[in-house]
Protein chains: 2
Amino acid sequence: MSAVSSRTDSDHRMEYCGRAYLCRMFSKAFGYALRAAVYVAIHGKDGKKVSLQEASDALGVPHHFLGKIMQDLVKHGIFDSIKGPNGGFYANSGTPQMFLIDILKITDGNLVFDQCALGIRRCNAAHPCPLHHDFANCRDGMIQALTVKTVGILAEDVESGMSFLAR
Amino acid sequence: MSAVSSRTDSDHRMEYCGRAYLCRMFSKAFGYALRAAVYVAIHGKDGKKVSLQEASDALGVPHHFLGKIMQDLVKHGIFDSIKGPNGGFYANSGTPQMFLIDILKITDGNLVFDQCALGIRRCNAAHPCPLHHDFANCRDGMIQALTVKTVGILAEDVESGMSFLAR
DNA sequence: ATAAATAAAGATTTAAAACTCTTTTTATTG
DNA sequence: CAATAAAAAGAGTTTTAAATCTTTATTTAT
Ligand code: FES
Ligand code: FES
C-alpha cells in the first residue's frame with residue numbers, strides 16, 4: 001500500500017476544502033465565544049437582552065457549555081449580564097470595540113500551545129523546523145486578522161448579510 | 001475587568017509569536033510522524049537502519065507512542081521495516097517522494113476536523129462565517145505547502161543545516 | 001535449536017477538552 | 001413577602017488524544 005500520489009494545487013481544493021482535513025487551530029470554546037459575542041452585540045442592544053436559552057438555540061451550541069463561556073466573557077467585560085426575570089446578556093459600550101484576540105485570550109489563553117507546529121522545543125526563525133516559515137506565515141495571517149478585527153466589525157458583516165453565525 | 005486594548009500589528013509579534021498562543025492545528029502524532037519520516041529518510045538509507053530506540057532518542061518523542069506511529073507509516077508505505085536483531089526502519093525508494101499531506105492523511109485523516117474554524121456547519125465561500133476568508137487563506141497556505149513539499153525536500157533542508165528536527 | 005534483539009500488536013492508563021447536571025444566588029413581579 | 005425567572009457557580013460525566021505497559025511475532029546470530 002502506498003500513499004504516493006501526484007496532485008496539483010487545484011486538486012487539493014476539490015479534495016480537502018469541502019471536507020476539511022484542516023484544522024482545529026482553536027478550541028471549540030473560542031468559536032462559541034466569538035459567535036456569542038457577535039450575537040449579543042447584534043441582539044443585546046437598545047435595552048434588549050439575550051437569554052442563554054435564546055443564544056444557545058440561535059447558535060446551535062450546547063446550552064450549559066455556552067453558559068460557562070458567556071459567564072467568562074461577562075467576567076472579562078466583553079459584554080454584561082443581569083440575573084432574574086427579564087435578565088440576560090447585553091452589550092456594553094465597549095462590546096463593539098473588543099478585539100477578537102482578546103476573546104481568544106479568554107478562552108484559550110491558558111492553554112500552552114506548542115510554539116512549533118511540529119512539536120520542536122526551540123522554535124524560532126534562527127532554529128526553524130522544516131515547516132517553520134509556512135507555519136509562521138499562516139499563524140501571522142490569523143493573528144493579524146484577530147488583532148485588527150473587532151466584535152463590531154463582525155457584527156456589521158453579519159447584519160449586512162455578508163456572513164453568518166449559524167446553520 | 002476589561003479586555004479592551006489597542007494594539008498594533010507589530011505589538012502582537014512581540015507578545016504572541018514567542019510564547020505562541022496559536023496554535024495546535026495538527027495532532028502531535030502528525031508532528032512526530034513527519035519528523036520520524038524525515039529522520040528515517042536521512043539515517044535509514046544505504047543499508048543503514050534506524051531502531052525505534054534511536055529515533056525516539058534522537059527526536060525526543062515518547063518511545064511507544066512513536067512505535068505506534070511508525071508502524072502505521074510502514075503499513076502505508078512511507079518507509080519500510082524489518083524485525084529481529086539488526087532490524088529497524090529504513091527508507092524505500094519512494095520515501096523521498098512522499099508528500100507531507102500523505103502523512104497528514106495517515107495520522108489525522110480519520111479525525112473529522114470541523115470544516116469551519118468557528119464551528120459553523122455549512123461552511124463555504126457563499127455562506128461564510130465572519131472569519132471564513134481569513135481562515136481560508138491560512139488553510140490554503142498550509143495545504144499548499146503540505147501538497148508540494150516532500151519528505152525528501154525536508155530531508156535536504158535538514159541535511160544542509162537549513163532546518164532542524166529536534167531540540 | 002536456542003537465545004536475543006527487534007518491530008508489531010493489543011490493552012491499559014492518563015490528561016485534557018467537551019459537555020452535562022445540580023445547586024445557589026440574584027433580581028423581578030405579583 | 002412569596003414565587004419565579006434568570007445567570008452564576010460548582011461538581012460530575014463523557015469523549016478523545018496522548019502516552020504507557022505488556023505480550024506476541026519475526027528475524028538473526030550463536
Ligand atoms: S520551528 Fe517548527 S514552527 Fe517554528
Ligand atoms: S464558514 Fe467558518 S471558516 Fe468557513
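Helices (H or I, at least four residues) are DSSP runs, numbered from the N terminus, and the expected span of a helix is 1.5 Å times one less than its number of residues. The model is predicted: local features need pLDDT of at least 70, and side-chain atom pairs count only at pLDDT 80 or more, while totals for chains, interfaces and linings use all residues. Residues are numbered from 1 along each chain as its sequence is written, and side-chain values use heavy atoms, without hydrogens and water.

**Exercise 1.** Find how far helix α6 of chain A reaches and how many of its residues are buried.

Solution.
1. Helix α6 of chain A covers residues 132-148, which is 17 residues.
2. From first C-alpha to last, α6(A) reaches 24 Å, close to the 24 Å expected.
3. Buried means under 20% relative accessible area, exposed over 50%, partly exposed in between (1.4 Å probe, protein chains only).
4. In α6(A), 12 of the 17 residues are buried, including A:Phe135 and A:Leu146.

**Exercise 2.** Classify the ring pair A:Tyr32 and A:Phe65, and state which helices hold the two residues.

Solution.
1. Rings of Phe, Tyr and Trp (its six-membered ring) pair if their centres lie within 6.5 Å; planes under 30 degrees apart count as stacked, over 60 as edge-to-face and the rest as tilted.
2. The search finds eight aromatic pairs over all chains.
3. The centres of A:Tyr32 and A:Phe65 are 5.7 Å apart and the planes stand at 85 degrees, so the pair is edge-to-face.
4. A:Tyr32 lies in α2 (residues 28-43) and A:Phe65 in α4 (residues 63-75), both of chain A, so the pair ties together parts 33 residues apart in sequence.
5. A:Tyr32 is buried at 11%, whereas A:Phe65 is partly exposed at 39%.

Methods
Chains are lettered from A and ligands numbered from 1 in the order in which they are written.
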